Amino acid sequence: MNVQGKVVVITGAAGGIGSVMSKRLAKNGAKVFLLDIDASVVNVKDSISETGGQAECLAIDLTSEEEWKQAGETVIKNFGRIDVLVNNAGINIRKNIEEMTLEEWNKMMLVNVGSVFLGCKTVLPYMRHQGGGTIINTSSVCGLIGHKYTPEAYTAGKGALTTLTKSIAARYAKYGIRCNSINPSTVETPMTKNMLESPEWRQERLGEVPLGRLATTDDVANAVLFLASDEATFINGVALPVDGGVTCC
Ligand SMILES: NC(=O)c1ccc[n+]([C@@H]2O[C@H](COP(=O)([O-])OP(=O)(O)OC[C@H]3O[C@@H](n4cnc5c(N)ncnc54)[C@H](O)[C@@H]3O)[C@@H](O)[C@H]2O)c1
């Protein structure tokens, strides 16, 4: 997959999926710019630099429009362009609709949808100006189905990303900008670690996957690598399940 020399901005890059996809993209020759609210994102940057990759990072709150603006300017100052934006950061407050407060609901929407809106709003003008680019949004199988094990605030937010993705794909194609989402099933990361420690919940998640295993961070990174690459230049507006068949059932 050719991503050689592409400038890729990745959000949530300190996290389980984000750190692995950042390393994979860098290993394949991309210049990666890592964003996360967690200052440990610098460790991911250092590990990429130590193995000969090109990486920069910034600790920002992705729900702040001002911080996004500064991040966009910093990427341009460092790397001169933005070829790929991967909106990957997300949270999950594990409460069902009757337990969740409005404040918690708003927080989920702000991080899981608002930060993606701000990321696209920040980066699209740069991509238009340079004559193209591609955006990849990390949605979920929960953005495709009403997943009974998952909080409604999470499925509602991930569903919004699926159609936000298609809307951007439709409007911005004329500028040479593609927009796709990836829709993974359960992956073992800091987000799901506590939940998967329960043997009952682990079994529930395994039981829904026709291929009989959880998704890995590598499975997700491979899908992002493909969508970011020159091999995917006619793929636009797709919601790509990385789910071993969960959404077939
Ligand atoms: N783990 C799964 O099973 C799974 C399945 C499908 C989709 N996803 C999605 O994949 C993405 C990555 O999830 P993960 O499993 O790696 O989770 P994770 O918790 O390991 O990583 C999420 C990262 O996002 C960052 N983040 C959260 N809020 C932020 C903010 N306001 N500003 C900046 N950074 C912020 C966190 O600091 C963290 O590093 C999320 O969008 C998640 O919803 C996860």
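Author: The largest nonpolar core has 65 residues. Val 8, Val 9, Val 32, Leu 34, Val 220 and Val 224 have the most contacts inside it. Such a core is a set of buried Ala, Val, Leu, Ile, Met, Phe, Trp, Tyr and Cys residues joined through C-beta atoms within 7 Å. Buried means 20 or more other C-beta atoms within 10 Å of a residue's own, with C-beta atoms placed from the backbone. H4 supplies the largest share of this core, nine residues. Helices here are DSSP runs (H or I, at least four residues), numbered from the N terminus.

This is a predicted model: local features need pLDDT of at least 70, side-chain atom pairs count only at pLDDT 80 or more, and totals for chains, interfaces and linings use all residues. Residues are numbered from 1 along each chain as its sequence is written.

Take Val 224. Leaving out residues up to four places away in sequence, Val 224 touches Met 21, Val 86, Ile 136 and Ile 182. Contact means C-beta atoms, placed from the backbone, within 7 Å.

Now H4. The axes of H3 (residues 65–79) and H4 come within 9 Å and cross at roughly 35 degrees. Axes are lines fitted to C-alpha atoms over the stretch in contact, and angles run from 0 to 180 degrees between N-to-C directions. H3 contributes Glu 65, Trp 68, Lys 69, Gly 72 and Ile 76 to the contact; H4 contributes Leu 118, Gly 119, Thr 122, Val 123 and Tyr 126.

Last, the ligand. H1 (16–27) and H4 (102–130) each supply at least two residues of the shell around the ligand. H1 gives the most, three residues.

Definitions and conventions. Contact = placed C-beta atoms within 7 Å. Buried ≥ 20, exposed ≤ 12 C-beta atoms within 10 Å, placed from the backbone.
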